[in-house]
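Open the model in a viewer and keep the selection panel at hand. The stops below say what to select and what is there.

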Amino acid sequence: MAHKTIVIIGPGHPLRGGLATFNQRLCKAFIDEGHTCSIYSFSLQYPSFLFPGKTQYSTDPAPTDIDIYPVINSVHPLNWLQVGNELKRIRPDIIVVRFWIPLMGPALGSILRRVKKNKHTRIIAIADNVIPHEKRPFDTPFTKYFLNSCDAFITMSDKVMADLRQFEKNKPAKEVLHPLYDNFGQPISKSAAREKLGINLNEKILLFFGFIRNYKGLDMLFEAMALLKQQPIKLLVAGEFYEDEKAYQEQIARLGIKDSLILKTDFIPDSEVKYYLCAADVVVQPYRNATQSGVTPLAYFFEKPMIVTNVGSLPVRVPNEKAGLVCEPEPASLAAAITRYFELGEQYFIPHLRTEKEKYSWHNLVKTILEI
């Protein structure tokens, strides 16, 4: 493939979270395949009053092998023109732009419209969500404004592809599996991970990992834990509350499950992710609704079986009784799947996990972006 100059528009260090991690890993994949790539990130991603977590910024060191320019102000129209004009002048061959929330539609759509005036740059959106999990006024016009500025689309689930085709019937679009997160360090032993986290090696440990939001169903998993109270199973919750913590604490008290939980409800920095995945027996994704989940490729990389609910693309990504178990999004079904998992045992799933994970490559994503 001929050398290309590529700019990724989306979060990057010092912003934190799955999008930034993904963008940095994708940038490295382009560079490793002989292309020039950099990231245009945000100087202001969200005004603080719109951000649900404690901080938007990472405490991890910046990556040393990629260039990240924090220049986009998501709420400042003059800035959009400046950034758009700069990218129009630079004339990258391809812009890969992340779209995950309609709120970003005006900023990104305006920047891209300026760039397109150079009649050279091809604009490819990686659409994480098209119809958001949590609805807000102006979602539809903001989304349309953004989509109209793009030339082609990548989705990572059939659900997002279907949502995209409600808005955009004709432009090229391809579905690609979310690649493995292989940039959190190599797996370590379960005993070493549990020693680091202060967890007994003999415990049966479920892991809920990631930001805590209503659609992810942690409250249903708490209800399931109440049904399993007599079993020697503990739930490790590793992730920051992105909504009011009080309702969850009240639920824990009402169900009497405090002793069945290990709560690590601060943001988990990249440097510590491996400890949580490696300490677990199984990763549980009890989502009420889902498009795709970045937790799935993370679990594949660390070869952790998954219990997922039958929503979105989760059952497609986690074949039942192979890479994990699929259940219905309600407490009794979750509890039954957890019981079934420990009857089968972790080793039952490992050969299937290793076969499945081979499908999740960064090269495949890079190739699709260059060809679409």
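## Stop 1

Select Val96; apart from neighbours within four places in sequence, Val96 is in contact with Ile6, Val7, Ile8, Ile9, Leu26, Phe30, Ile124, Ile126 and Ile369, where contact means heavy atoms within 4.5 Å. This is a predicted model, in which local features need pLDDT of at least 70 and side-chain atom pairs count only at pLDDT 80 or more, while totals for chains, interfaces and linings use all residues. Residues are numbered from 1 along each chain as its sequence is written, and side-chain values use heavy atoms, with hydrogens and water left out.

Buried means under 20% relative accessible area, exposed over 50%, and partly exposed in between (1.4 Å probe, protein chains only). Helices (H or I, at least four residues) and strands (E, at least two) are DSSP runs, numbered from the N terminus.

## Stop 2: H1 against H14

Select residues 18-32 (helix H1) and 362-371 (helix H14), whose axes come within 10 Å and cross at roughly 75°. H1 is therefore roughly perpendicular to H14. Axes are lines fitted to C-alpha atoms, for helices over the stretch in contact, and angles run from 0 to 180 degrees between N-to-C directions. Angles under 35 degrees count as roughly parallel, over 145 as roughly antiparallel, 65 to 115 as roughly perpendicular and the rest as oblique.

Show side chains for Phe22, Arg25, Leu26, Ala29 and Phe30 on H1, and for Trp362, Leu365, Val366, Ile369 and Leu370 on H14; these residues make the contact. They divide into nine nonpolar, no polar and one charged. Ala, Val, Leu, Ile, Met, Phe, Trp, Tyr, Cys and Pro count as nonpolar, Asp, Glu, Lys and Arg as charged, and the others, Gly among them, as polar.

## Stop 3: H2 against H3

Move to helix H2 (residues 77-90) and helix H3 (residues 105-115), which pack at an angle of about 35° with axes 7 Å apart. On the H2 side, the residues that meet H3 include Trp80, Leu81 and Val83, and the H3 residues they face include Pro106, Ala107 and Ser110. Eight nonpolar, three polar and two charged residues form this contact.

Stay on H2 and pick Asn79. Asn79 is buried, at 11% relative accessible area. Beyond four places in sequence, Asn79 touches Val71, Ile72 and Asn73.

## Stop 4: Thr143

Select Thr143 in helix H4, residues 139-147. Is Thr143 buried or exposed? Thr143 is buried, at 1% relative accessibility. Its contacts, not counting residues up to four places away in sequence, are Phe99, Pro102, Val130 and Phe167.

## Stop 5

- Pro14 is in the loop between strand E1 (5-9) and H1; the peptide bond from His13 to Pro14 is cis, with omega near 15°.
- Arg91 is in the loop between H2 and strand E4 (94-99). Arg91 is not a glycine, yet its phi is positive, near 60°; Arg91 is partly exposed, at 42%.
- Lys119 is in the loop between H3 and strand E5 (122-127). Lys119, also not a glycine, has a positive phi of about 55°; Lys119 is exposed, at 76%.
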